[in-house]
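Colleague: I would like to learn how to read strands and helices in a model. Please take me through a few cases.

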Amino acid sequence: MLRSVLPEKPLNTRAVILLIALVTFGFVLNRARFHLFFNVDFIFGSAVAIVILFLYGPLIGVAASVVIASATYILWLHPYAIFIFAAETLLLAFFYRRKHANVLVIVASYWIVIGMPLVVLLYRGVMGLEMNAVLVVMMKQALNGVFNALIAGIAVGFLGRVARRLDLAEIPAAFSFRRTLFDVITVSVLIPAIVIMMISARRETHRVEQTIQHVLNLSLSSARESLSGWIDSNLYSMASLADFIDHTAPSSPDDVREHFHILVESSPDFVAAGIVTHAGHVAMIFPDDMPDGMPRSGRRYDPFEGRRSDAPSVSGVMRLMTDGPPIVIVAVPIRTFDGYVVGLIDLGRLTYTVQSLVAGWGIDAVVTDANHAVIASTETRHVPGHRYTVNDDVALYEIESDLYVRFGSIDDNISIMERWSDSVYVRTGVLDDATGWRISLSAPVQPYQRELNQQYTLILFSMLVVVLAAIAVSTILSRRMVSALADLSQATANLPGKIVEATPIEWPSSRILEVQTLIGNFRTTSDQLLKKVRDLGHANTELVKAKAEADTANRAKSLFLANISHDLRTPLNGILGYAQILRNEQSLSETDQKSIKIIERSANHLLNLINDILDVAKIETERLQIEQRPVGFRAFLDDIGDMMRLQARKKGLEFRKNFSDNLPETVMVDEKRLRQILLNLLTNAVKFTDSGAIDFSVAPDAAKIRFTVEDTGIGIPSDRLDEIFDPFQQIDKHAQSDEGTGLGLAIVKRLVGMMGGTIEVHSRPGTGSRFSFSLSLETSGALAVHTERRRVVGYEGRRVSVLVVDDRWENRSVMRNMLEPIGFTFFEADGGRSGIDAAIEHRPDIVFMDLVMPNLDGFEALRRLRASDECANTKIVGVSASVAESIRHECLRIGFDGFIPKPVRFDEILDEFERHLGLKWITTSDEPPTETESDDGLPEPPSQNALDLLTNATKRGDIRAIIEIADEIDTAEPQRSDFARTVREFARNFQVVKLAQFIGRYTGNGDD
């Protein structure tokens, strides 16, 4: 059970960072509310929680929902919304495995069945809110949840790529047409409905505010009129008394005491009256028995602090003594006593007056003076004398100038819902410009809020009905509109298989014209395909038959090539073997050596012919592999250039190497195949060029290396440029008698293609040809060191024994004559069984085992030797006329220590001794012989006398004399043997013109 809710895969770093960002974003969205209308806001954090659920799975999704929903506690100071939103995500988690579940339908069902009852239970039953407020909260949260589900459902459809990149839950990357249609219809209804709801609700809010404002404005006007009249009445009373005193001119304050007594007794607003001089002395006060903190006769007390006024005035709230009560003084100047007639207003009486004034309006009032001190208030919390301004209330929201909404409490432990129910509208205004008194009227919002909540409930309920109806209609319409497409999708599932198997297809029908047309197109297409499949079935039967015949022929060809290669390599083993042996024989004459070289060259030519045919077969069957190894690039190119210079020199051609200085020292390349490509191109260039030069160029070409071979030969007709790369095609008819198989260029083109390049050819008949290609060769720091093979005459250390097992005596003879002269003890056996006996008897250091022998082949002989105690660790090298890579790999796999192909090469045999026995060779010289050349690439010339003799003999065309002079040069000047050998080759081939050109390059008469 726990495994089903855990994340399917461990979260990587990017996935964790995205999760933290999403949770933070959701928390911020819950804090940043979208105001719909008064007291109703939308929050969008649950949409992010749904997205997290689908990306990260149920466990992380529910946990993230709780964290995001915790922002509602900051908003509303109660935890109940957290339970409601978390329960929504938990229900979605239940359907998490159904990737195609409709999020909007699930969330709408949740709010109808679970969410709305939970709101009533928690907000009404636990918090005790009034039912009308609970209904507003219930409808608002349901609509909010449905809207968030719509946003999340659309967002999830775009998250398939994000989920795959972060290796999260698998979300279908493709959009469902039905789901898209559902979302479009729902959005088309939901968005306008929300806009209409906002407009209606805000209009209703505005109407209620206008009503409250109208009531407050009427109350303010009435209060201003009443209190202004009250002030004027008191000022008039004091002004009348002052006028009487000035006109009667009493001699002492006692004369006017009676008048003060009448004023105080007749006007209940005054608690005392008296005369105060400009100097601040209380000349008279009535009544005499004033309480502590109030002025008394004979004392100095200046309520105006020295500020004289020549007009009647009403003071603000003041205290005449530090411990005195707050009072308001009405003062009128008098001339008789050089002071003022003052009356002390009873603030308690004024408060009663204000209370009586607003008693019938259902509102509260606070009267303040110009210094914002409370003069009178109907609210006991506003004490006279204390400071009060509307702006001091931090829970105040200004609607317009002098009109506010004040929440009932700013206590953080009281929820916003309770604050809303206790909020009031506040209207302020100036009572009297002269006094600077202001009045603040507060109308409780609860009666209006109740009415407003009823309107909100009706609007939200209508909206919820519209939304649910839209979801239902969207579901039905999308299902009906897409059902035909779904049926068509099901009918065309595995359509090729149904067509091939001729399975009847039940095509759906639809009332939608476009879908009906689509179904008709599919029906027509399937009928046509069925007909074509039947036709193709008949053709396929013929093709299968033809393919079987072609496969049989191909297998026969492969078998033939393998057999002919084996059969040809076996006699070539004897020919090349003895040619190598005789080539090292010092007692033979020069004529014999030349004959041996001809034998060896002819055998190598035949071997190359066999290899070319096998390479073409391997390329055609895609069995030829390119194996890259580090190669010393400059040395590799120099080696090929030096080799081809000798061939060019024999024909009197100039050979030029043009290698860029920017070539890498070491590259990764298949050395064998690149050498094969270059030698084929260079050999063709020499072969088909009778005069002029061969240019071999290698240079960087952007990120690649470009190889170019250019000659001044016979050229190629433009209509034959495409043919020269076909197998068994030669460049010119007259060359078919020369050496060549017509396979070289075919192999070159295919090898260049396998190495990632394309060969290009440009040629003009009679002018020459240029072949070029570019390869991308990776540079390498590792390089296997290759040493030049020297002529071996022996080895260091003890005498080594060798056993050669081969059913052909000529092969054994070749190996004997190669190895015995340089000091090896030689044993031989003519078959697998005799080879096992000989190995156990003689215990040789190394065994060369032929693989194909009658009765018991080399593979079985190896197994038996490895199983014996005597030869379990003996080094055994496989030898075979088959050069297939599979044979080599099989040999090494079953336990052979090495493998060499037939015809065997002396150097390859010596390599096996070095590799397995660590032998060190004794050679005839410390350095391999090198050719001595002049600065222009020619052999060093003989003496001038010899050059003169050769020039004269050449002009006469005396072949015998030319050969005798060359032999004398070879005897008298051994270091000029290369020059003498070249002259003899020209003479024996009767190439007198080329010989004259060759000698002319030394004498300066090369063009003669």
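Modeller: Start with strand β12 (residues 424-432): eight of its nine residues are buried, so β12 is largely enclosed by the rest of the structure. Buried means under 20% relative accessible area, exposed over 50% and partly exposed in between, with a 1.4 Å probe and protein chains only. Strands (E, at least two residues) and helices (H or I, at least four) are DSSP runs, numbered from the N terminus. This is a predicted model, in which local features need pLDDT of at least 70, side-chain atom pairs count only at pLDDT 80 or more, and totals for chains, interfaces and linings use all residues. Residues are numbered from 1 along each chain as its sequence is written, and side-chain values use heavy atoms, without hydrogens and water.

Colleague: Which residue takes a positive phi in the hairpin of β12 and β13?

Modeller: Gly436, with phi near 75 degrees; this hairpin has four residues between the strands.

Colleague: How should I read a helix?

Modeller: An α-helix has 3.6 residues a turn, so residues three or four places apart point the same way. Helix α27 covers residues 977-988. Its buried residues include Phe979, Thr982, Val983 and Phe986.

Notes
The expected span of a helix is 1.5 Å times one less than its number of residues. Two strands pair if DSSP finds at least two bridges between them.
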